[in-house]
Amino acid sequence: MRDADVILGGQSWRIKFVNRKELPSSKHMGICDWNQKTILIYKRLPLELLLDTLIHECRHAQHRVMFEAEEFIDSTSTEIAKSILQTGIITDG
């Protein structure tokens, strides 16, 4: 896994995989920082949770108004992550 510069919602973003201490609190697995156009993801998550968190934060970056729909983003990001893993195109190991 490596940091990446990506386009989300028509804007340039930086995705960074970080240690726990680089996140605002121990309960965060990832954050979307609109001011810095940066997504931080805790790098030691199990694959399914890492993918789920990455999708979740990318969706926040794409649609700033969706910060108000946290429950919707949570459930649909998990569904997408599980669907991707079930296809076998991404494996753990």
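**Reading a helix and its surroundings**

Author: The cover over the buried residues of α2 includes α1 (47–62). Please bear in mind that this model is predicted.

Reader: Which residues of α2 are buried?

Author: A residue counts as buried when its relative accessible area is under 20%. In α2, the buried residues are I73, T76, S77, A81 and L85.

Reader: How many residues does helix α2 have, and what span does it reach?

Author: The expected span rests on 1.5 Å a residue. Helix α2 covers residues 70–87, which makes 18 residues, and its first and last C-alpha atoms lie 26 Å apart, close to the expected 26 Å.

Reader: What follows α2?

Author: G88 comes after the helix, and its phi is positive, near 80 degrees.

Reader: In what order do the elements of the protein run?

Author: The protein contains 4 strands and 2 helices. Starting at the N terminus, the order is β-β-β-β-α-α.

Reader: How does the radius of gyration relate to that of a compact globule?

Author: A compact globule with 93 residues would have a radius of gyration near 12 Å; the protein has 13 Å, which agrees. Its C-alpha trace spans about 35 × 25 × 25 Å along the principal axes.

Reader: What share of the residues counts as buried, and what share of the accessible surface belongs to carbon and sulfur atoms?

Author: Buried residues make up 37% of the 93. The accessible surface is about 6000 Å², and carbon and sulfur atoms account for 50% of that area.

Terms used: Residues numbered from 1 in each chain as written. Predicted model: local features only at pLDDT ≥ 70, side-chain atom pairs only at ≥ 80, totals over all residues. Heavy atoms only, no water. Rg over C-alpha atoms; globule rule 2.2 N^0.38 Å. Buried < 20%, exposed > 50% of the residue type's maximum accessible area, 1.4 Å probe, protein only. Areas by Shrake-Rupley, 256 points an atom, 1.4 Å probe, with all protein chains shown as cover. Expected span 1.5 Å × (residues − 1). Contact = heavy atoms within 4.5 Å.
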